[in-house]
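Good morning, everyone, and thank you for making the time.

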Amino acid sequence: MKSAEEIKESVKKKYGEISKQSRSENATVSCGATGCCDTVDYAIFAEDYSTQIGYTSEADLGLGCGLPTEHAKLKPGDTVVDLGSGAGNDCFVARQIVGDNGHVIGIDMTKEMNVKARINAEKLNYSNVEFKLGDIENIPLDEGIADVVVSNCVMNLVPDKEKAFSETYRITKPGGHFSISDVVISGELPDQIKEDAELYAGCVAGAIDKEEYLSVIEQAGFKNVTVQKSKKITVPDEILLKTLTEDELQEFKKSETGIFSITVYGVK
Ligand SMILES: C[S@@+](CC[C@H](N)C(=O)[O-])C[C@H]1O[C@@H](n2cnc3c(N)ncnc32)[C@H](O)[C@@H]1O
């Protein structure tokens with residue numbers, strides 16, 4: 001098993017490579033922490049951003065698994081922090097809502113993603129959107145800085161989710177909130193299916209049980225923790241049949257067990 005540091009290094013390597021590609025190219029490459037495969041289709045989780053005000057195609061690498069800005073109750077003038085900001089996709093949508101008097105800060109530990117996000121911000125001439133290099137387990141921001149925290153398909157990649165959510169709590173203003181989209185598992189998903197799903201869609205290897213995920217958030221101190229949106233990810237039969245018999249497949253399909261992309265909200 002890989003250590004937390006090894007996982008982070010392979011995440012950085014993989015996202016460094018992905019940052020050089022377009023959304024369509026990323027629809028056929030790996031996203032996972034395993035850094036193992038070249039047949040993964042990212043677009044399986046990604047939502048259509050193209051109709052969002054503030055949408056910037058260069059920043060959309062098809063790496064998200066929800067639309068957190070849509071659920072984040074952003075207001076003009078807000079300070080928004082995006083954890084794992086990638087090329088800046090959610091930051092630029094948030095900027096459009098918070099306006100000239102707001103402030104948007106993207107944090108990402110992959111240098112190449114930060115560079116790409118900064119180039120995008122310069123092209124857009126935004127002076128109140130900044131991108132910082134940093135680890136979500138140790139966010140390089142002061143306590144209580146954010147009115148709103150957003151994050152899109154990132155926490156599943158972070159080895160210490162307790163630390164990540166306690167850092168999210170620390171940087172949120174009292175009365176502030178977060179809206180985070182992520183991949184979680186519901187029910188008892190056999191390891192082999194999890195591995196096959198990772199090769200198929202990525203972002204599954206580090207995903208944890210949904211109830212455990214929500215409990216980590218509550219333990220960090222957040223209140224009113226609510227799932228705002230939940231979408232089951234369909235893994236094709238031919239992939240599941242590598243592990244299950246036809247009968248088991250039918251049972252599996254009837255059950256609530258599966259991989260979900262969820263958008264979660266919580267208040268400090
Ligand atoms: C699946 S991509 C999502 C990018 C972006 N949120 C989007 O929707 O386009 C995950 C991003 O999280 C970053 N990341 C993963 N683990 C991180 C950590 N511990 N600290 C900071 N960034 C991290 C990766 O470098 C990568 O850019």
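Predicted model: local features only at pLDDT ≥ 70, side-chain atom pairs only at ≥ 80, totals over all residues.

Which residues come nearest to the ligand? Of the 25 residues around it, they are Gly-64, Gly-84, Gly-86, Met-109 and Thr-110. If we look at the elements behind the shell, α1 (4-18), α4 (89-98) and β2 (103-108) each supply at least two residues, and the largest share, 3 residues, comes from α1.

Let me stay with α4 for a moment. This helix is mostly covered, with 9 of its 10 residues buried, namely Asn-89, Asp-90, Cys-91, Phe-92, Val-93, Ala-94, Arg-95, Ile-97 and Val-98. The cover over these buried residues includes α3 (68-71), β1 (79-83), β2, α5 (111-124), β3 (129-133) and β4 (146-152). After α4 comes Gly-99, which has a positive phi, near 75°.

Asp-60 itself lies in the loop between α2 (23-26) and α3. Is Asp-60 buried or exposed? With 24 other C-beta atoms within 10 Å, Asp-60 is buried. For a sense of distance, the C-alpha atoms of Asp-60 and Ile-217, which are 157 residues apart along the chain, are separated by 27 Å.

Now to the sheet. There is an open sheet of 7 strands in the order β3-β2-β1-β4-β5-β7-β6, and its pairing is mixed. Its edge strands are β3 and β6, each of which pairs on one side only, and the twist from one strand to the next averages 20°. Within this sheet, β1 and β2 pair in the parallel sense over 5 bridges, and Asp-82 stands opposite Gly-106 in β2.

Two helices bring us to the other strands. Helix α8 (residues 210-219) lies across β5 (172-186), β6 and β7, and runs at about 15° to β7. Helix α7 (residues 191-201) has as its buried residues Ile-193, Asp-196, Ala-197, Glu-198, Tyr-200 and Ala-201, and these pack against β6 (223-233), α9 (237-240) and β7 (258-267). Just after α7, Gly-202 takes a positive phi of about 65°.

Finally, the chain as a whole. The protein chain has 10 helices and 7 strands. Its radius of gyration is 18 Å, close to the 18 Å that the globule rule gives for 268 residues, so the chain is as compact as a globular protein of that length. Taken along the principal axes, the C-alpha atoms fill a box of roughly 60 × 40 × 35 Å. Of the 268 residues, 47% count as buried, and among contacts between residues at least 6 apart in sequence, 76% join residues at least 24 apart.

Technical notes
Residues numbered from 1 in each chain as written. Buried ≥ 20, exposed ≤ 12 C-beta atoms within 10 Å, placed from the backbone. Helix = DSSP H or I, 4+ residues; strand = E, 2+ residues; numbered from the N terminus. Contact = placed C-beta atoms within 7 Å. Rg over C-alpha atoms; globule rule 2.2 N^0.38 Å. Near = placed C-beta within 6 Å. Pairing = 2+ DSSP bridges. Axes fitted to C-alpha atoms, helices over the stretch in contact; angles between N-to-C directions.
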